Amino acid sequence: QVQLVESGGGSVQAGGSLRLSCAASGFSISAYCMGWFRQAPGKEREGVAAIYTRGGRIYYADSVKGRFTISQDSAKNALSLQMNSLKPEDTAMYYCAAADRDVCFSGSWSRAAKYAYWGRGTQVTVSS
């Protein structure tokens, strides 16, 4: 049974940091295109970052480049998102997702519809 479980969300002040984790079970994340998405109230779900380590692919949304870092620990079968210099506009529910590895080569990494498996999310709130 495929399962993704996020953790690490919370409330921080602007300029602070958080590290999100996603524990995967039922499949090997190193064989998939793994992504982090976020969704704020009233807004569409947007791609934040994606990674496919076997193909050496890492992607970031322009809004988080230089502040967020995506990584994965294949031994633990876990995905992480280190978030630094957080801004109030980063406030959202953050989701971990898995897609076929081709998504990380097709230019579609940020399209939520391309991802087959999703976690339930973890809330990040950044206050000014």
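The questions and answers below go through these topics in turn.

Colleague: What kind of model is this?

Modeller: Residues are numbered from 1 along each chain as its sequence is written, and side-chain values use heavy atoms, with hydrogens and water left out. Local features need pLDDT of at least 70, side-chain atom pairs count only at pLDDT 80 or more, and totals for chains, interfaces and linings use all residues, since this is a predicted model.

Colleague: How many disulfides are there, and in what pattern?

Modeller: A disulfide is a covalent bond between the sulfur atoms of two cysteines. Here it is taken as a pair of cysteine sulfur atoms within 2.5 Å. By this rule the count is 2 disulfides. With bonded cysteines counted along the chain, the pattern is 1-3, 2-4.

Colleague: Which handedness does the disulfide of Cys22 and Cys96 have?

Modeller: The sulfur atoms of Cys22 and Cys96 are 2.1 Å apart. Cys22 belongs to strand E3 (residues 18–25) and Cys96 to strand E9, so the bond ties together parts 74 residues apart in sequence; strands (E, at least two residues) and helices (H or I, at least four) are DSSP runs, numbered from the N terminus. The torsion about the S-S bond of Cys22 and Cys96 is about -75 degrees, so this disulfide is left-handed.

Colleague: Are Cys33 and Cys104 buried or exposed?

Modeller: Cys33 and Cys104 form a disulfide with their sulfur atoms 2.0 Å apart, and at 65 degrees about the S-S bond this link is right-handed. Buried means under 20% relative accessible area, exposed over 50%, and partly exposed in between (1.4 Å probe, protein chains only). Cys33 has a relative accessible area of 0%, and Cys104 is also at 0%. Cys33 is therefore buried, and Cys104 likewise counts as buried.

Colleague: Which residue in E9 is the bridge partner of Trp36?

Modeller: Two strands pair if DSSP finds at least two bridges between them. E4 and E9 pair in the antiparallel sense over 7 bridges. In E9, the partner of Trp36 is Cys96.

Colleague: Which residue in E10 stands opposite Ala98?

Modeller: E9 runs antiparallel to strand E11 (residues 122–127), with 3 bridges, and there Tyr94 stands opposite Thr122. E9 and E10 also pair in the antiparallel sense, over 3 bridges. In E10, the residue opposite Ala98 is Tyr117.

Colleague: How are the rings of Tyr59 and Trp109 arranged?

Modeller: Rings of Phe, Tyr and Trp (its six-membered ring) pair if their centres lie within 6.5 Å; planes under 30 degrees apart count as stacked, over 60 as edge-to-face and the rest as tilted. By this rule there are 9 aromatic pairs. The ring centres of Tyr59 and Trp109 are 5.8 Å apart and their planes are at 10 degrees, so this pair is stacked.

Colleague: Which residue lies over the face of Tyr95?

Modeller: Phe37, Tyr95, Tyr115 and Trp118 form one aromatic cluster. A charge sits over a ring if NZ of Lys or CZ of Arg is within 6 Å of the ring centre and within 35 degrees of the ring normal. Over the face of Trp118, at 4.7 Å from the ring centre, lies Arg45. Over the face of Tyr95, at 3.9 Å from the ring centre, the residue is Arg45.
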